[in-house]
Amino acid sequence: MAAAGVVVAGVATSSPESPAGTAVRARRPPSGPPARLPPLLVLLAAAAGPGAGGAARLYRAGEDAVWVLDSGSVRGATTNSTAAWLVQFYSSWCGHCIGYAPTWRALARDVQDWAAAIRVAALDCAEERNHEVCQAYDIHYYPSFRYFKAFTRDFTTGENFKGPDRELQTVRQAMVDFLQNHTDTNWPPACPALDPIRPSDVLSLIDKRDGVCVAVIFESRGSYVGREVTLDLIPYENIAVKRVLDAEQAFLEKLGISSLPSCYVIHPNGSHGLTNVAKPLRSFFSSYLKSLPNVRKKSPLFPEKLSEAENEAEAVEWREFDRSRLYTADLESGLHCLLRVELAARSALAGAELRTLTDFITIVAKLFPGRPPVRRLLEMLQEWLASLPLDRVPYNAVLDLVDNKMRISGIFLSSQIRWVGCQGSRPELRGYTCSLWKLFHTLTVQAGAHPEALDGTGFEGDPQAVLQTIRRYVRTFFGCKECGEHFEQMAKESMGSVKTLDQAILWLWEKHNLVNSRLAGRGEAPRAGSLKVKGSEVRTGQGPLGSM
């Protein structure tokens, strides 16, 4: 159906009929015959590249070295485990998570031989089956990284990773530090000792004959090479790795060591000497030691298929659509994700968070152009939030209303996700974030076309009202933290310059285009598909819509 202000294309979804005489009367912008908008308002077209839509999945057991967890496996995996865990709680629609996925996969491959001591895992909080467990682990933003020590018996939300950055080397070294924070009582049994030995112990090793090759890494304090090589050799037999820190110069000269780090090998037959590698790096030392005679790899430990949903994702065929139209299915699927998935990250809403949600739902309820059952639900939710006598409400109370547990006739929001204009060229692209952008654009356009819809809300007469409410929502609830920070920075720079409702519409499109350019890696140069509106260039979203 079409509502005044926005041309909306209906897409069939399963929902009950909307009988007359519903319990809550919907108040909406004045209705009128479907009509295209004046040029200033025709800004809702969105392009999508070819490809198939489907359930987004950034990591796959059997294909990646990442251990894929879900609500049915995360507690069993991390509780009383013989290995420590580093788990990334992510969202498959989060632009930063999508961009970071290659690094996380590379990290998992890089430390795959460490799996008996510490494992790299991931859990998708965007999966509806996982939203309760992500709430239990107190995950509010994505990606979030949590360490779980070996032999942890009681439930814990884990220890936050707090590093200067999330580059592969930084996280890998943090994993080493986390392992060393274990005590004797919970030390992973497959993990060798990582503490340094004394230089005098090296002489004892030279005199010792036990049939095992011993590699001694001489390095300076602060170096991770020795510990990383030790962990690299965990799945290999007939070799042990030790490390010595800051040995005296005379001792090093006695062994022929002139620079650090160096690797000194003591062979089972009693011979010993420095390794001859091209560069004194972890990868060269590890490769050399793995190639020594009688050094054999034990049965490798691969990520188990711990996710119950791994094979349940079905490919969805690409559907052709009219790119000049805004689809009901996209907006309603986005509302479903917003209300039933993203808000579910919080067990309760209180104070400023509750006020932000109330204001946002008020704006959406007054301006949403969708089907009557959805508009009535939004209206009921807005009235309920506005009339709450308390400053705190459990999220489950919100969910019960969204799910219409009271069985009020004519109120319905489908839980089925169906992207049409928000299909992506890959399953993890566009989708929810695309629908959120479309919703935001719809709200600014509707406010411009029907400013009277906000009469009596406290937002009337303020050209920045919709933008500022969107800004607060993104800052408070949008799960991709880095994406939200980008949006907030743009808002700080120029949102205050908006003086009219038309400028509000254009401001959002301008910032949306900047995001598209940033994600596409093409700078901020104008591109094809732009249209001129009253002397301003407004590009109609021809880039990816995967982030804020």
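A: Start with burial: buried means under 20% relative accessible area, exposed means over 50%, and partly exposed lies in between (1.4 Å probe, protein chains only). This is a predicted model, where local features need pLDDT of at least 70, side-chain atom pairs count only at pLDDT 80 or more, and totals for chains, interfaces and linings use all residues. Residues are numbered from 1 along each chain as its sequence is written, and side-chain values use heavy atoms, leaving out hydrogens and water.

A salt bridge is a side-chain nitrogen of Lys or Arg within 4 Å of a carboxyl oxygen of Asp or Glu. The structure has 21 of them. One joins D403 to R340, at 2.7 Å from N to O. D403 sits in the loop between α12 (395-402) and α13 (432-449) and R340 in helix α9 (residues 328-342), so the pair ties together parts 63 residues apart in sequence. Helices (H or I, at least four residues) and strands (E, at least two) are DSSP runs, numbered from the N terminus. D403 is partly exposed at 31%. R340 is buried at 7%.

D391 bridges to R355, with the closest N and O atoms 4.0 Å apart. D391 lies in the loop between α11 (372-386) and β17 (392-394), and R355 in helix α10 (residues 351-367), 36 residues apart. Both D391, at 46%, and R355, at 47%, are partly exposed.

R471 meets E488 at 2.8 Å, N to O. Helix α14 (residues 465-477) carries R471 and helix α15 (residues 481-494) carries E488, so this bridge ties parts 17 residues apart in sequence. R471 is buried at 14%, and E488 is buried at 12%.
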